[in-house]
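Please read these notes alongside the coordinates. They are set out as numbered points.

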Amino acid sequence: MTTVPNALDRSFRQAAAEAGLIDVSFDVADSPVGPLLLAVTEAGLCRISFDPEPERATDELARTFGVRVLRGPREVDRVRRELEEYFEGRRRTFDLPLDLRGRSGFSREILDRLARVPYGQVTTYKSLAVEAGNPLAARAVGTIMNRNPIPIVLPCHRVVGSNGSLVGYGGGLDRKRLLLDLESGRPRLDIH
Amino acid sequence: LKRMMEAMSVPPFERFYVEHRDAVFGHLVRLLGRQRAEDAFQETFLRALRGYDTLRHGRYLRAWVFTIATRVAIDEGRKRRPEVVPELDVESADGRPAYAQIEHLAEELPEKERAAVVLRYAYDLSYSDIGTALGSSEEAARQAASSGVRRLRRRLS
C-alpha cells in the first residue's frame with residue numbers, strides 16, 4: 001500500500017492551520033511528569049492532558065471546540081517552549097492566552113482565582129471556596145480541580161487540604177508532589 | 001446505542017485523516033502519477049476540511065473523500081492539459097473515443113458521467129477503480145461512462 005510521505009503529511013498539516021481551517025491543533029510533548037497532550041485553539045491554550053493518547057483526547061476536544069481537530073506540532077510550539085522553561089526552573093508565570101470555553105459560572109470563577117495562586121505557594125480547597133463567596137463549596141472546588149482542563153498552567157497542584165495533606169490530583173499524587181517540589185526548589189516537599 | 005451513535009457521528013478530523021490518507025494518496029498516484037499526486041493530496045484534504053464541519057453524520061466518509069480526490073484529480077488533469085481543437089471524428093484507432101477530442105465536451109456532462117468518462121478515457125482506469133472513486137459499484141461506473149459517451153456522441157452528431 002502507498003504511504004503518504006512524512007514531508008507531505010507535515011506540509012498538509014501546516015497548510016491546514018495556515019488556512020485557518022482548524023478548530024483545535026494538538027501535539028504530544030515530553031516532560032519530567034511524563035508525556036503531555038497539548039491543545040490550542042485560535043483563542044489560546046485549551047487543554048493539557050496527562051493522558052497522551054490522542055484517540056481519547058480528540059473526541060472530547062471535538063465535542064467542546066469543533067470537529068476539525070488536527071495534530072499540528074508547530075501550532076503548540078509556544079506552549080511547549082514555555083513548559084520547557086517552567087520545568088527547567090526558568091519560568092514562574094506563563095504568558096499564554098487561555099481558551100476556557102465550556103467553563104462558566106462557579107467553575108469559571110474558581111479557575112480564574114486558581115490562575116492567581118503564585119508560583120511556589122499553596123492555597124486550600126476551602127480558601128478558594130471562601131474567596132469565591134461560597135465557604136461550603138470546598139468539595140465542589142475539589143471536583144473543579146480534578147477536571148481542570150489546563151493543569152500546570154492553571155496550577156491546581158498548588159491547592160491542598162486544610163491540614164496540609166496533598167489530598168488528590170487529576171494526574172496522580174506523584175505528579176503533584178513533583179510539581180510542588182520543583183517550585184519549592186527543594187528535593188522533597190514538606191507542608192506545615 | 002452509544003456505540004451506534006458514535007459510529008454515526010462525525011469523528012474528529014485527525015481520525016478521519018489518519019484512516020484515509022494512505023488510500024487517498026494511493027488513489028491519486030494511480031490517477032496522476034507520483035509527482036502531481038502530492039499537490040492533489042493537499043488540495044483534497046483542504047477541500048475536505050472546508051466541508052467537514054457541515055457534515056451531518058460520519059457515514060460514507062471514505063466514498064466522500066474519494067469523490068473529492070477524484071474531482072481534484074480531474075481539475076489537475078485539465079489544468080495541465082493543452083487546449084485541443086475539437087474535431088467531429090472522435091474514434092481513435094482502437095474504437096474508443098480519443099479523449100483529447102472530447103475533453104472540452106465532458107464538462108457539460110452530469111457530474112457522475114463526467115467523472116466516469118474522464119477516469120476511463122483520460123486516465124485509463126479500470127471500472128472497478130472508478131467505482132471505488134465514485135463510491136459506487138463497478139457496474140454503475142461502467143454504465144455512467146457508457147451513458148456519458150453516448151450523450152457526447154449525440155451532441156457531436
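Predicted model: local features only at pLDDT ≥ 70, side-chain atom pairs only at ≥ 80, totals over all residues.

1. Strand S2 (residues 36-40) of chain A is largely enclosed by the rest of the structure, because five of its five residues are buried. Leu36(A), Leu38(A) and Val40(A) point one way from S2(A), while Leu37(A) and Ala39(A) point the other way.

2. On one hand, S2(A) runs antiparallel to strand S1 (residues 24-29) of chain A, joined to it by five bridges. Asp27(A) is the residue opposite Leu38(A). Six residues lie between S1(A) and S2(A) in this hairpin, and Gly34(A) in the turn has a positive phi of about 100 degrees.

3. S2(A) is also antiparallel to strand S3 (residues 45-49) of chain A, with four bridges between them. Here Ala39(A) has Arg47(A) as its bridge partner. This hairpin has four residues between its strands, and Gly44(A) in the turn takes a positive phi of about 155 degrees.

4. Cys46(A) counts as buried, at 0% relative accessibility. Cys156(A), at 4%, counts as buried too.

5. In chain B, helix H7 (residues 127-134) has Tyr127(B), Ile130(B), Gly131(B), Ala133(B) and Leu134(B) buried. These residues are on the same side of H7(B), because they cover an arc of only 165 degrees around the axis. Just after H7(B) comes Gly135(B), with a positive phi of about 70 degrees.

Technical notes. Residues numbered from 1 in each chain as written. Chains lettered and ligands numbered in written order. Heavy atoms only, no water. Buried < 20%, exposed > 50% of the residue type's maximum accessible area, 1.4 Å probe, protein only. Helix = DSSP H or I, 4+ residues; strand = E, 2+ residues; numbered from the N terminus. Arc of directions from axis to C-beta. Pairing = 2+ DSSP bridges.
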